[in-house]
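Please look over the structure shown here before reading on. The briefing below is meant for someone meeting it for the first time.

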There are 2 protein chains.
Amino acid sequence: MGGGEGKVTARKISGDARAEGAGQGGAKSVSAKDVAALAGVSRAAVSRTFTPGASVSAETRRKVLEAADALGYQVNHLARGLTRQQTGIVALIVAKLATPYRSAMVQALTGKLQAAGKVAMIINTDQEEATVELALRQALSYRADAAVILSGMPDRSIADLCHRNGQRLVLINRDDSLPGSIQLRVNDAQAGRMALLAFLRAGCRRLAVATSCDDTPSLLARERSFLEEARTLGLDVQCERFGASGYDSGLALGERLLVRPERPDAVFCTTDLIACGVMDAARQRFGLSIPADLSVIGFDDIPQAGWEAYQLTTFTQPIEETASAAVDWIARGENGDVPCRVDLTATMRWRRSVRARQAEAAPAG
Amino acid sequence: MGGGEGKVTARKISGDARAEGAGQGGAKSVSAKDVAALAGVSRAAVSRTFTPGASVSAETRRKVLEAADALGYQVNHLARGLTRQQTGIVALIVAKLATPYRSAMVQALTGKLQAAGKVAMIINTDQEEATVELALRQALSYRADAAVILSGMPDRSIADLCHRNGQRLVLINRDDSLPGSIQLRVNDAQAGRMALLAFLRAGCRRLAVATSCDDTPSLLARERSFLEEARTLGLDVQCERFGASGYDSGLALGERLLVRPERPDAVFCTTDLIACGVMDAARQRFGLSIPADLSVIGFDDIPQAGWEAYQLTTFTQPIEETASAAVDWIARGENGDVPCRVDLTATMRWRRSVRARQAEAAPAG
DNA sequence: CCCGCGCTTGCACAGCCGTGCAAACTTTCA
DNA sequence: TGAAAGTTTGCACGGCTGTGCAAGCGCGGG
């Protein structure tokens, strides 16, 4: 095993591989060693060529790049992540990804992460077995730099585990505050109050809330703030709760609400999907017209809310801002252990699902 | 420290690690070495404990698991991927993730990949700079076991690169066949013909196609098969093409088509989103009623197609089957270099956007 | 009592990369 | 021309894991 040139690992790789990669199986990927052998330099030279700011002569660099190109070499980020503390991987923990709001958020996050030189790994918690805890452990095992939690809520002990392992946590609209994490929140409570006021100004009197059985903090905050504001003003509100927060639930909620003797003339839906269902129930099954007979306000401003068939007045989620805040915090890195909190605002988006102000002044006017 | 039933005191460790972590950054995660030290065994014993089928005594195993639990140890998948040939990472290359069809597909893929012990990495090609080539190189640099291409089409040379590096390719509805890859296709062409026949049976005579300027193979196949079948039968079809394949384009397409003197009474839309736009244009801007005045058929069967406001007759994408086929092929591994192709069928889903058969017999019998 | 056998366990190396350090080389200046 | 300064390069190690190999250990059988 002398230092003789018998160590030719990359036996005419260039020619062979170039000619036809279909040699056989070939599950082995090319490494820096192969490139070094082909270029006739040391492996360190290869490494330095791909490390910005390292000292390599132009000639060596050229040879290395040439060989790398011929072999199709890509630096192994996994091995690089071993020595560096950064893998560049960010785990996105999410359930019901196919939902319009969720998918828009994931799209924004993946795009911005990529622009920041990171890469997103999706961990799906749709199956019951896949709890948030399991998801976080998986993220940990891939040494993700950070994990973004879009669904569910991690146990405090698991969060500690992440923190101890140097994995930072981004909580989007979760209500607990954890060490070494950032919390991104939207003004759900304020939105609930604004919705109520909007209905009152429009002259609506028989108010209702349609929401799901999911106990997501955001949904609860929207519902509660609406109800509380109403109670403060001495108004009664019918509240109906059913199923998951999707279109079908909205349909069912609409039927339940509109069949009542005291038929509501305004429904605040905690989700746009629910709102679309309620609107369809009102129109198709009760022959009501919107906003003349029924005013509806939703939340999220999903694309469908802007469709001609709905023209739903709603609250626009600050998706881009949220994603930017998350990615900035992740990319910034190293900001100590103090939990950080960022508040973002969902702004009201007026369309045509709330009737115009009535002649008579609203009490809250 | 003798090994005499060392009941590991979790509290002490945790406290220690906590303190250290809080000291500064604490980006270091716990490794097998740490666990070995705490458990009083060799590092190899730790490794074996977490390797199914390896030889470890019950006693050692217990000590290791206890220590691992106390420290919150997770096997480093990245380092494991170094020695094994498998990283367990599968790259999903996708643009416009927020689209209903795409997000549903990604949800299905991530779920099934996870169930198969893999994990999905999302590479977003929305930005112009992020071409499919770049995406594949990134996948390569993370040593993904496979890459699933949902958008765009890789150059042949890049595909060769992947192949040479042992990265397998899954092409979903792409038209090129590449070495070491699997191609999943849907019967777009058949669907186009079926749509035409459905219109004819319903007694429609003034046929039209609404599609986008995207040159996705699937969309082209749907459009062309519809047009060709019509020509075969000696029928004339108006074809309008505009923008990207989203709702807004559908709205615009509807306006362009319906303003014509020869107003169509049937429109085949190559996408459900386009179909929803066309329907809304017809109803809101031209006061038409569907299906009495206009029949519409879409493609994809996105959730909105089933909403009360649309009740769109369309073709159901075999999303679950496609995802299963992809994941099965990926998990199966090692199936030689011969390109593989799987054909799946999108089945027609009848709803209420095509009018019932007219009394007079359609020419196509 | 001794030997062989099976189970455990530790050593050491491989897998891939980045980087400190020292040696070798090039360039510049006196 | 010689020396000093600066640049480039290779060696070797560290980061984390899996695993072949051989040694250690306990145990049953002759």
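Predicted model: local features only at pLDDT ≥ 70, side-chain atom pairs only at ≥ 80, totals over all residues.

The secondary structure of chain A comes to 13 helices and 12 strands, and 54% of its 365 residues count as buried. Residues of chains A and B are found close to DNA strand C and also close to DNA strand D.

**Chain A as a whole**

- Among the contacts in chain A that link residues at least 6 apart in sequence, 70% join residues that are at least 24 apart.
- The accessible surface of chain A comes to about 15600 Å², and carbon and sulfur atoms contribute 49% of that area.

**Around DNA strand C**

- The elements that give two or more residues to the surface near DNA strand C are α3 (43-49) and α5 (77-83) of chain A, together with α3 (43-49) and α5 (77-83) of chain B, and the element that gives the most is α3(A), with four residues.
- By residue type, the surface near DNA strand C divides into 10 nonpolar, 10 polar and five charged residues.

**Around DNA strand D**

- DNA strand D is surrounded by 24 residues, the closest being Arg48(A), Thr60(A), Ala32(B), Ser47(B) and Tyr73(B), and of its atoms within 4 Å of the protein, 56% belong to sugar or phosphate and the rest to bases.
- Phosphate oxygens of DNA strand D lie 2.5 Å from a polar side-chain atom of Ser47(B) and 2.8 Å from an N or O atom in the side chain of Arg80(B), while for Thr83(B) the partner of the side chain is a sugar or linking oxygen, at 3.3 Å.
- The elements that give two or more residues to the surface near DNA strand D are α3 and α5 of chain A and α3 and α5 of chain B, with α3(B) giving the most, at four residues.
- The residues of this surface near DNA strand D divide into nine nonpolar, 10 polar and five charged.

**Buried residues in chain A**

- Thr49(A) is found in helix α3 of chain A, and it counts as buried because its relative accessible area of 5% is under the 20% cut-off; leaving out residues up to four places away in sequence, Thr49(A) touches Val56(A), Arg61(A), Val64(A) and Leu65(A).
- In helix α8 (residues 156-164) of chain A the buried residues are Ile158(A), Ala159(A), Asp160(A), Leu161(A), Cys162(A) and Arg164(A), and just after α8(A), Gly166(A) takes a positive phi of about 75 degrees.
- Gly180(A) has its place in the loop between β4 (168-172) and β5 (181-186) of chain A and counts as buried at 11% relative accessibility; its C-alpha atom is separated by 8.9 Å from that of Cys162(A), 18 residues away along the chain.

**Asp265(A) and its surroundings**

- Asp265(A) is found in the loop between α11 (247-258) and β8 (266-269) of chain A, where it counts as buried at 9% relative accessibility.
- Polar atoms of the Asp265(A) side chain lie 3.1 Å from the backbone nitrogen of Arg205(A) and 2.9 Å from the backbone nitrogen of Arg206(A).
- Not counting residues up to four places away in sequence, the residues that Asp265(A) touches include Gly203(A), Cys204(A), Leu207(A), Asp293(A), Ser295(A) and Arg355(A).

Technical notes. Residues numbered from 1 in each chain as written. Chains lettered and ligands numbered in written order. Heavy atoms only, no water. Near = heavy atom within 4 Å. Nonpolar A, V, L, I, M, F, W, Y, C, P; charged D, E, K, R; others polar. Buried < 20%, exposed > 50% of the residue type's maximum accessible area, 1.4 Å probe, protein only. Contact = heavy atoms within 4.5 Å. Areas by Shrake-Rupley, 256 points an atom, 1.4 Å probe, with all protein chains shown as cover. Polar contact = N/O pair within 3.5 Å; in protein donor to acceptor, adjacent residues only side chain to side chain.
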